[in-house]
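This report goes through one protein model for a reader who has not seen it before. Please look over the sequence and the structure before reading on.

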Amino acid sequence: MATQFQSLLNSYGEDVSDKSQTLLQIITKFASAYCSTIEGTARNIETTELCGGARICYIFHETFGRTLDSIHPLAGLSKMDILTAIRNATGPRPALFVPEVSFELLVKRQIRRLEEPSLRCVELIHEEMQRIVQHCGNEVQQEMLRFPKLHEKIVDVVTQLLRRRLPHTNVMVENIVAIELAYINTKHPDFHKDAALVPSLLKTDSDPYSQMNLGQRRANTPRNHMSPQVSAHSASSQQQQNNQPQQQYSEAHEQNHVGENSTPSMASTWLSNILPPAPTRPDSIENSASNTPVHNNIVSPVKPVNLLPDVPANHNPRRLTDKEQKDCDVIERLIKSYFYIVRKSIQDSVPKAIMHFLVNYVKDNLQSELVTHLYKSDRAETLLNESDHIAVRRKEAADMLKALTRANHIISEIRETHMW
């Protein structure tokens, strides 16, 4: 019993004689325990949950890493969005090649999506650094319970230090994303290979020159290579032309005469094919619903004409031409390649920035901050005031230990006696 009460009394601590020295010892012990918890060198290791540096590592490589891996490079981009960006980048001129401006605009839009999870990672690390105060070891926790006012001040100093470093860390993480947005390096060693494949991807399966050569070969094909049916048909048509030369001449003369008289109607037909249809009057839309043109939004002076209308999600968009499909495929491939490069860079740079601007800074400056704000002679008396229940329990344990020691002394004085 004396041994048990001696251990209990030691846990309550002895009466404070030199409060300044005791305050400095507690500050040093707390800062050392805090850094040991981050580094994983604490004597009392938590076995029920991850804490300290182990949880920081988990946030970096599991939470943050998996979040970035789950972001698809083309999320939120449809074929029509890519095609619209290509057309907007070319202006009024039809594009002969895929413009680089469209690729830069689209890939920057996707890179910006990496900023939010990066800032969220900073918040998680900040919260864990705050939680470490509660996992600094049993020795420090016992002293924190003994001096509640000192415990409150230490928590305030740590909180203020973390709060001051949080904006600097956020700014650095934002700058990392801004740096990637500032310059799209198309000469990157990992991106240059995909960029070099663009000409081969743009090659069409049917080259116009090959089509021209094929047409010439077909025109120069000898007649004896034709099929018998085609030869017979051409022979019969030639015989009919020889038998009726006068009839063909008169019909041709009549056609020419009719053509001269019908010149105005042909011109009007040609103009109608070139010019857009006249806008339908608003009051006649309901009466001619079946004859409503496709782009009837020309009637509205507020809404401009849109050649690429927004298609609802539950409807299939219009089918793209072969050239448009190839252009979209090229842009998608380039976006994927460059997005993976930037994501890999940010996944590596953000944890390093957090460690430098937040974790390591707090480790290196925690003790100096505590000494600056707490180690003052006029405040030592107030901070080292014990709680009432600790003082009462220490007095009870001391009295009980004194009684047990006296009882043990009395028992040891009893000599062995013989009963006759």
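## Leu 23 and its surroundings

Leaving out residues up to four places away in sequence, which are its neighbours, Leu 23 is in contact (heavy atoms within 4.5 Å) with Leu 150, Leu 374, Tyr 375, Ala 380, Leu 383 and Leu 384. Leu 23 is found in helix H2. With a relative accessibility of 0%, Leu 23 counts as buried; buried means under 20% relative accessible area, exposed over 50% and partly exposed in between, with a 1.4 Å probe and protein chains only.

## Basis of the model

This is a predicted model, in which local features need pLDDT of at least 70 and side-chain atom pairs count only at pLDDT 80 or more, while totals for chains, interfaces and linings use all residues. Residues are numbered from 1 along each chain as its sequence is written, and side-chain values use heavy atoms, with hydrogens and water left out.

## The chain as a whole

The secondary structure comes to 17 helices and 0 strands. Helices (H or I, at least four residues) and strands (E, at least two) are DSSP runs, numbered from the N terminus. Of the 420 residues of the chain, 28% count as buried. Among contacts between residues at least 6 apart in sequence, 88% join residues at least 24 apart.

## Helix H15

Helix H15 covers residues 322-374. At 1.5 Å a residue, its 53 residues should span 78 Å, and the end C-alpha atoms are 74 Å apart, which agrees; the expected span is 1.5 Å times one less than the number of residues. H15 has a kink of about 50° centred on Asn 365, where the bend at a residue is the angle between axes fitted to the seven residues ending there and the seven starting there.

Glu 332 lies in H15 and is buried, with a relative accessible area of 17%. Not counting residues up to four places away in sequence, Glu 332 touches Leu 74, Lys 79 and Ile 82. Ser 337 also lies in H15 and is buried, at a relative accessible area of 10%.

## Aromatic pairs

The structure holds 4 aromatic pairs. Rings of Phe, Tyr and Trp (its six-membered ring) pair if their centres lie within 6.5 Å; planes under 30 degrees apart count as stacked, over 60 as edge-to-face and the rest as tilted. In one of the pairs, the rings of Phe 103 and Tyr 338 have centres 6.3 Å apart and planes at 85°, so the pair is edge-to-face. Phe 103 is in helix H5 (residues 100-111) and Tyr 338 in H15, 235 residues apart. Both Phe 103 and Tyr 338 are buried.

The rings of Phe 191 and Tyr 338 are also edge-to-face, because their centres are 5.3 Å apart and their planes lie at 85°. Phe 191 lies in helix H9 (residues 189-196) and Tyr 338 in H15, so this pair ties together parts that are 147 residues apart in sequence. Phe 103, Phe 191 and Tyr 338 form one aromatic cluster.

## The nonpolar core

The largest nonpolar core has 73 residues. Such a core is a set of buried Ala, Val, Leu, Ile, Met, Phe, Trp, Tyr and Cys residues joined through side-chain atoms within 4.5 Å. Those with the most contacts inside this core include Phe 30, Phe 103, Leu 150 and Ile 346. H15 gives the most to the core, with 19 residues.

A kink of about 35° in H3 is centred on Ile 59. The buried residues of H3, among them Ile 56, Phe 60 and Leu 68, pack against H2 (19-39), H6 (115-131) and H15.

H6 has 17 residues and reaches 25 Å from its first C-alpha to its last, close to the 24 Å expected at 1.5 Å a residue. Its buried residues include Pro 117, Cys 121, Ile 125 and Met 129. What covers the buried residues of H6 includes H2, H3, helix H8 (148-182) and H15.
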